[in-house]
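Please look over the model below before reading on. The paragraphs that follow go through it piece by piece.

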Amino acid sequence: MASTEKKTLYTADATAVGGRSGHVRSATGVIDMDMSVPEGLGGKKGATNPEELFAAGYSSCFQQALLVIAQRAGDKLDPQTEVKCSVSLFQEGEAYGLSAILDVDLKAFDREKTIDMVKQAHKICPYSVGTRGNMEVELRVQGEAVPVEAEENAGVAANGGVS
């Protein structure tokens with residue numbers, strides 16, 4: 001595989017004070033909000049948490065990857081296309097971890113084409129690439145699990161990810 005140079009396209013900066021019960025603010029000021037332990041774990045109402053922010057970022061990023069895949073194929077996504085991302089926090093021994101479920105509803109395509117597009121998007125989405133081999137990510141189409149071969153979940157870059 002030919003070597004390609006990595007080029008930074010954008011860097012986001014945010015600062016947290018006080019951990020899960022503190023406050024986060026992005027350098028742009030667009031994000032400026034209180035944080036809390038999830039309400040179900042004793043946190044307060046009206047505040048977000050890292051898992052919720054991660055789910056929002058992953059779902060929007062994956063939706064963009066689907067738009068790119070559709071455009072490359074000469075297709076157009078239905079404006080009502082939805083990507084729901086559920087991020088779970090779990091404890092395993094002394095460590096904590098995350099897992100995610102991406103549930104896609106493209107509205108306009110049959111199941112086979114939708115599965116193909118979802119698998120292609122999973123290969124190029126920066127969140128999928130970044131979590132690959134480090135976090136369990138389940139793909140679903142309208143609530144039904146999409147079978148993914150181990151090699152399809154392996155690293156995309158020749159020198160990165162899991163082989």
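Where is Ser 99 found? Ser 99 is found in strand S5; helices (H or I, at least four residues) and strands (E, at least two) are DSSP runs, numbered from the N terminus. This is a predicted model, in which local features need pLDDT of at least 70 and side-chain atom pairs count only at pLDDT 80 or more, while totals for chains, interfaces and linings use all residues. Residues are numbered from 1 along each chain as its sequence is written, and side-chain values use heavy atoms, with hydrogens and water left out.

Ser 99 has a relative accessible area of 17% and is therefore buried. Buried means under 20% relative accessible area, exposed means over 50%, and partly exposed is in between (1.4 Å probe, protein chains only). Neighbours within four places in sequence aside, Ser 99 is in contact with Ser 86, Val 87, Ser 88, Phe 90, Met 135 and Glu 136, where contact means heavy atoms within 4.5 Å.

Helix H1 covers residues 50–72, and Pro 50 has its place in this helix. With a relative accessibility of 35%, Pro 50 counts as partly exposed. Apart from neighbours within four places in sequence, Pro 50 is in contact with Arg 20 and Met 35. Pro 50 also lies 9.8 Å from Val 24, C-alpha to C-alpha, and these two are 26 residues apart in sequence.

How many aromatic pairs does a search of the whole structure find? The search finds four. Rings of Phe, Tyr and Trp (its six-membered ring) pair if their centres lie within 6.5 Å; planes under 30 degrees apart count as stacked, over 60 as edge-to-face and the rest as tilted. One of the pairs is Tyr 58 with Phe 62, whose ring centres are 6.5 Å apart and whose planes meet at 65°, so this pair is edge-to-face. Both residues lie in H1, four residues apart, which is about one turn of the helix. Tyr 58 and Phe 62 are both buried.

Tyr 58 also pairs with Tyr 127, and this pair is stacked, with 5.3 Å from centre to centre and 25° between the planes. Because Tyr 58 lies in H1 and Tyr 127 in helix H3 (residues 126–131), the pair ties together parts that are 69 residues apart in sequence. The two partners can be set side by side: Tyr 58 is buried, at 0% relative accessibility, whereas Tyr 127 is partly exposed, with a relative accessible area of 27%. Together, Phe 54, Tyr 58, Phe 62 and Tyr 127 form one aromatic cluster.

H1 also packs against helix H2 (residues 111–124), at an angle of about 115° and with the axes 8 Å apart. Axes are lines fitted to C-alpha atoms, for helices over the stretch in contact, and angles run from 0 to 180 degrees between N-to-C directions. H1 passes H2 in a right-handed crossing, meaning that the near helix is turned clockwise from the far one by less than a right angle. Residues of H1 in this contact include Tyr 58, Phe 62, Leu 66 and Ile 69, and those of H2 include Met 117, Val 118 and Ala 121. By type, the residues of the contact divide into 11 nonpolar, two polar and one charged. Here Ala, Val, Leu, Ile, Met, Phe, Trp, Tyr, Cys and Pro count as nonpolar, Asp, Glu, Lys and Arg as charged, and the others, Gly among them, as polar.

Val 118 is found in H2 and, at 0% relative accessibility, counts as buried. Not counting residues up to four places away in sequence, Val 118 touches Phe 62, Leu 66, Val 104, Leu 139 and Val 141.

Which residues have the most contacts inside the largest nonpolar core? They are Tyr 58, Phe 62, Leu 66 and Leu 102, in a core of 26 residues. A nonpolar core is a set of buried Ala, Val, Leu, Ile, Met, Phe, Trp, Tyr and Cys residues joined through side-chain atoms within 4.5 Å. H1, strand S4 (82–92), strand S5 (95–105), H2 and strand S6 (136–141) each supply at least two residues of this core. H1 gives the most, with eight residues.

Finally, there are two loop residues to check. Lys 107, in the loop between S5 and H2, has a positive phi, near 65°. Gln 142, in the loop between S6 and strand S7 (144–145), also has a positive phi, of about 45°, and is not a glycine. Most residues other than glycine have a negative phi.
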